[in-house]
Amino acid sequence: MAKSAKTKTEVVAETPVPKKTRKKAEPVEETVATEAPLQAVENYSRFSEFDIYLFKSGKHFKLYEKLGSHVAEHKGVVGTYFAVWAPNAHYVSVIGNFNGWERGSHPLSSRWDGSGIWEGFVPNIGRGEVYKYFIKSNNHGMELEKADPFALWCELAPKTASIVWDTWYEWQDEDWMKNRRKSNSLASPISVYEVHLASWMRDPADPERFLSYREIADSLVPYLKEMGFTHVEFMPIMEAPYPPSWGYQITGYFSCASRMGNPQDLMYLIEQLHNEGIGVYMDWVPSHFPGDAYGLFNFDGTHLYEHADPRKGYHPDWKSYIFNYGRNEVRSFLISNALFWLDRYHADGLRVDAVASMLYLDYSRKHGEWIPNELGGRENLEAISLMREMNEAVYKDFPDVQTIAEESTAFPGVSRPTYLGGLGFGMKWMMGWMNDTLKYFEKDPMYRRWHQDQITFSLVYAFTENFMLPLSHDEVVYGKGSLVGKMPGDEWQRFANLRLLFTYMYTHPGTKLVFMGGEFAQIGEWNFKQSLDWHLLDRAPHQGMKECMKALNATLRNQPALYDYNFSPEGFEWIDSQDRENCIVAYIRKGLNPDDSIAVVLNFTPVPQYGYRIGVPSAGRWEEIFNSDASSFYGSGVGNTQVIESQPERWQNQAQSVVLTLPPLAGIILKKSAK
């Protein structure tokens with residue numbers, strides 16, 4: 001059976017270490033006890049000279065194998081090795097239940113090589129031990145108690161200590177890992193279900209209780225399999241103790257969220273998804289971190305991870321702190337963290353949050369609140385360099401994964417290779433499509449004829465990047481309402497509009513992302529404090545929406561024309577984008593095989609059209625393979641039930657044409673019959 005990359009010492013940690021009975025004492029006032037038992041900490045190191053060289057030069061991308069806490073055997077005794085980067089510390093010790101939180105009993109030694117790393121081996125403690133680092137700073141003797149930046153697990157909030165743990169797991173997803181390139185490449189059908197695990201589903205018997213990772217697996221995995229999504233994207237599942245941040249204010253970058261279980265529990269969830277052929281993307285947040293007293297901020301009494309100048313180091317939108325992307329050791333920390341989730345947790349990709357805020361020094365700042373770069377411009381050259389290096393490292397070690405940028409500006413080449421001057425991401429969120437599309441759909445159909453450009457403009461730039469089309473959590477929170485709540489009209493029209501919206505999304509070039517609840521038309525705005533409203537599926541409109549989404553996912557998987565040329569203009573051709581009077585658009589999606597071509601027709605009004613002629617690319621018998629107005633979707637059932645013979649009448653620059661019935665507020669997909 002395949003296992004995650006492990007060292008021999010980490011495997012030793014699987015045997016529980018007996019502990020002596022200890023009485024917890026109150027922390028002493030003195031920083032260093034004069035009679036501290038220094039022999040309690042042994043000299044031991046996991047660092048080679050080459051490790052230190054890489055770390056100091058910003059090129060060590062597997063720091064999680066070195067820094068942090070690691071159960072090991074030293075001189076025949078099992079214990080825990082601790083290592084922490086604190087270059088401006090005068091004194092560092094390990095404190096925890098094992099020593100009564102006494103600051104002077106277990107001091108670490110500062111390395112001689114100027115790396116700023118403090119380390120040491122404490123015998124007879126192991127997996128499950130709770131600890132922090134006590135740091136006395138060179139900066140005016142400031143005294144701090146800090147969680148371990150490299151901790152693999154943390155105490156449940158509001159407690160804030162780190163826990164000695166490991167990432168040993170007997171993985172059983174070998175088939176997926178060996179073959180995931182087929183399902184995870186840019187030439188594959190990709191539809192992503194975005195999930196906030198803490199609010200997707202709660203315990204029905206106790207709505208306040210979070211389900212564990214293992215409990216979620218029992219429900220989420222079969223649900224995604226039923227719905228036909230190819231991937232799931234987890235909103236941040238790193239340790240983030242402030243629930244209203246939805247996980248984006250991270251304090252434990254290497255720790256999974258403790259409220260739902262331990263690292264092995266999360267690995268089990270990912271393994272179960274993989275064994276059902278479902279890929280796992282994770283949200284990753286290198287853009288900012290919170291100022292909690294026990295976290296990264298002011299770590300050794302100085303601005304170690306963040307910039308000292310608030311014009312570069314403080315984020316005005318999120319009241320948080322910005323990493324110092326120009327500091328080599330911080331670059332090693334961030335790139336190591338990206339690789340860690342791909343390595344130890346078998347993640348299939350990283351969706352990188354708030355990239356736009358990293359790219360620009362003046363992001364969300366007024367004149368005088370930011371400092372230009374060395375060339376006098378507004379671009380954050382250090383962050384740009386970091387992202388390029390991160391993507392190069394990711395694709396070098398994990399060529400079959402994806403990195404996805406949430407980037408909302410026109411910054412060029414986000415998803416282009418670094419050797420061509422790009423940032424090197426695999427994909428980029430198509431924020432312009434999302435904004436224009438929702439604005440269009442929110443309008444009463446009576447007025448859509450004057451806004452046809454909003455629904456067609458995205459094709460002007462659709463192939464400038466490898467775009468993912470997102471309808472994400474950001475669109476259904478903070479007073480914006482749910483997706484179905486944005487739609488105009490009575491109940492039937494709102495649901496018809498939503499089915500049409502998803503039909504347009506799934507037939508538009510690019511990969512797809514849908515936030516949880518949208519697939520069954522959650523009525524209420526997303527609330528991170530409670531479960532989705534699953535009871536709505538007892539009602540026909542919501543069940544119909546769910547069936548429509550299942551059909552769209554199946555169509556995406558089964559029609560190569562919808563993904564062969566996802567990011568290339570060869571795969572798209574307008575039939576008609578100018579019928580403003582009727583608010584109808586039609587286009588062709590093409591596959592590598594010409595016989596795979598399909599025609600898409602979208603009617604954005606509640607008026608059905610009979611005898612509507614469109615051009616088609618070739619002669620033959622065309623049949624309707626999808627109709628968002630189907631009765632099984634809670635539609636009216638208007639459509640084309642018979643195969644349609646094309647006519648040699650040139651129409652809309654096509655040599656052939658067909659005459660159709662177009663259902664109200666609906667989209668249909670046609671394909672030439674093989675019969």
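**Entry 1. The largest pocket**

I began with the largest pocket, which is lined by 26 residues; Trp 246, Trp 318, Asp 353, His 473 and Asp 474 lie nearest its centre. The model is a predicted one, in which local features need pLDDT of at least 70 and side-chain atom pairs count only at pLDDT 80 or more, while totals for chains, interfaces and linings use all residues. Residues are numbered from 1 along each chain as its sequence is written, and side-chain values use heavy atoms, with hydrogens and water left out.

I noted the terms of the search: on a 1 Å grid over the protein atoms alone, a pocket is an open set of points with protein on both sides within 12 Å along at least five of seven lines, a cavity is a set where a 1.4 Å probe fits but cannot get out, and lining residues have an atom within 4 Å of a point. Grid points are joined across faces, edges and corners, and a volume is the space filled by probe spheres set on the points. On these terms the volume of the largest pocket is about 630 Å³.

I then sorted the lining of the largest pocket by class and found twelve nonpolar, seven polar and seven charged residues. Here Ala, Val, Leu, Ile, Met, Phe, Trp, Tyr, Cys and Pro count as nonpolar, Asp, Glu, Lys and Arg as charged, and the others, Gly among them, as polar. Helices α10 (355–359) and α12 (431–442) each give at least two residues to this lining, and α12 has the largest share, with three. Helices (H or I, at least four residues) and strands (E, at least two) are DSSP runs, numbered from the N terminus.

**Entry 2. The largest cavity**

I searched the whole structure and recorded six cavities of 30 Å³ or more. The largest cavity holds about 140 Å³ of space. Its lining has 14 residues, and Lys 312, Ile 322, Tyr 360, Leu 361 and Asn 380 lie nearest the centre. I counted six nonpolar, four polar and four charged residues in that lining.

**Entry 3. The barrel**

I traced a closed barrel of eight strands, β10-β13-β16-β19-β20-β21-β22-β23, with parallel pairing. The twist averages 25 degrees from one strand to the next. Two strands pair if DSSP finds at least two bridges between them. Strands β10 (191–195) and β13 (231–234) run parallel and are joined by four bridges, with Val 195 opposite Phe 234. Contact means heavy atoms within 4.5 Å. Axes are lines fitted to C-alpha atoms, for helices over the stretch in contact, and angles run from 0 to 180 degrees between N-to-C directions. Helix α11 (381–397) lies across β16 (279–284), β19 (349–352) and β20 (402–405), at about 155 degrees to β20.

**Entry 4. The open sheet**

I followed an open sheet of six strands in the order β24-β25-β26-β31-β28-β29, paired antiparallel. Strands β24 (572–579) and β29 (644–645) stand at the edges with a single partner strand each, so one side of each is left without a neighbour in the sheet. Five bridges join β24 to β25, and Glu 573 stands opposite Ile 588. These two strands form a hairpin with four residues between them, and Cys 583 in the turn has a positive phi of about 55 degrees. Strands β25 (584–589) and β26 (598–603) pair over six bridges; Val 585 has Leu 602 as its bridge partner. Helix α16 (491–507) lies across β25, β26, β28 (621–627) and β31 (666–672), running at about 150 degrees to β26.

**Entry 5. Backbone details**

I looked up two loops. The peptide bond from Ala 157 to Pro 158 is cis, with omega near 15 degrees, and Pro 158 is in the loop between β8 (153–154) and β9 (162–163). Lys 319 has a positive phi near 50 degrees and is in the loop between β17 (314–315) and β18 (320–321). Most residues other than glycine have a negative phi, and most peptide bonds are trans.
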